[in-house]
Amino acid sequence: MRSAVAAQPEWLAQVPTGTRLPDGDVVAVGCGTSFHAAQTSGHGVDALEFVLAPRAADTLVLVSHEGGTPLTVEAATAFDGRTLLVTGKAESELASLADEVIVVTPEVEESYCHTASYTCAVAALAALRGEDVSWLPEAVAERLAGERLPVSEHGRFVVTGAGRDWPTAQEAALKLREGVHVAAEAHRLEELLHGHLAAIDETVRCFVLEGEGRAVARAAQTVAALEAIGCDVTLIPTRHPVVDAVPFQLLTLDLADARGVDPDMIRWDDPRWKAARDAYS
């Protein structure tokens with residue numbers, strides 16, 4: 001994980017930018033980190049949810065790190081239309097099903113706690129929509145060299161955000177769960193204020209993604225509410241999902257170091273979690 005996090009500026013500079021999505025309705029699907037990346041497109045759907053209720057669209061964008069995610073394969077086979085794959089491998093089961101394959105990383109990320117493959121997929125999805133992503137490598141390099149979120153001994157974490165920041169909140173919580181095995185939750189900003197506060201107290205470490213537009217004022221109110229409870233809370237300004245994921249990647253690494261956890265294996269090297277993984281495909 002550490003090498004992949006550090007490699008992000010270099011890898012992001014190599015993300016293909018020459019393809020554009022065709023006209024018409026587009027839906028993106030994925031699982032886990034790839035689902036979070038798919039959501040940054042504005043039309044992201046969990047692969048199982050798509051299989052259960054296929055969305056009408058002209059193009060289906062498949063997001064998969066190695067191109068073999070079973071439910072994403074099912075989503076591809078359930079869709080009768082043009083498919084495009086955003087991936088780290090040129091050849092895979094999904095690649096054989098897709099009309100076009102966009103390889104977004106120069107190599108397959110080895111850590112199971114995916115970081116660079118996430119940010120590169122997000123950048124590629126933005127480029128597909130015509131967004132200028134040329135500034136992202138430098139922005140990520142600056143964020144990697146900047147001030148880091150402090151390490152703490154909390155056992156539970158909450159990350160909340162709205163709009164553009166909602167995929168980042170989910171990805172941040174997943175990195176903390178995978179890499180450090182802590183209880184981390186992602187909440188939509190407004191929903192956090194409607195009942196969920198009852199289960200949060202001073203033992204919870206909280207991060208509020210500031211967002212843009214109407215979300216900025218609501219984020220400030222959320223910080224005030226969490227401070228009133230006694231939470232250790234940080235308001236984090238946001239710019240872009242690619243850049244905004246980096247502080248949580250670094251926090252995951254720092255917490256893993258402090259707690260003596262290997263962030264790469266996401267517990268697949270433990271017999272119980274290996275047995276759990278083997279119980280499904």
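Tutor: The lining of the largest pocket has eleven polar, ten nonpolar and five charged residues (Asp, Glu, Lys and Arg are charged; Ala, Val, Leu, Ile, Met, Phe, Trp, Tyr, Cys and Pro nonpolar; the others polar). The model is predicted, so local features need pLDDT of at least 70 and side-chain atom pairs 80 or more, while totals for linings use all residues. Residues are numbered from 1 along each chain, and side-chain values use heavy atoms, without hydrogens or water.

The pocket (an open set of 1 Å grid points for a 1.4 Å probe, with protein on both sides within 12 Å along at least five of seven lines; lining atoms within 4 Å of a point) has a volume of about 810 Å³ (the space filled by probe spheres on its points). Closest to its centre, out of 26 lining residues, are H114, E178, I266, W268 and R277. Two or more lining residues come from each of α3 (33-39), α5, α9 (166-180) and α14 (271-278) (DSSP helices have at least four residues, strands at least two).

H114 leads on to H65, since H65 is in contact with H114 (heavy atoms within 4.5 Å), and also with S34, T87, G88, K89, V108, E109 and S117, leaving aside neighbours within four places in sequence. H65 sits in the loop between β3 (59-64) and α5 (70-78). Its relative accessible area is 11%, so H65 is buried (under 20%). The side chains of H65 and S117 form a polar contact of 3.5 Å (donor and acceptor N or O atoms within 3.5 Å). A polar side-chain atom of H65 also lies 3.2 Å from the backbone oxygen of E109.

Conventions: Buried < 20%, exposed > 50% of the residue type's maximum accessible area, 1.4 Å probe, protein only.
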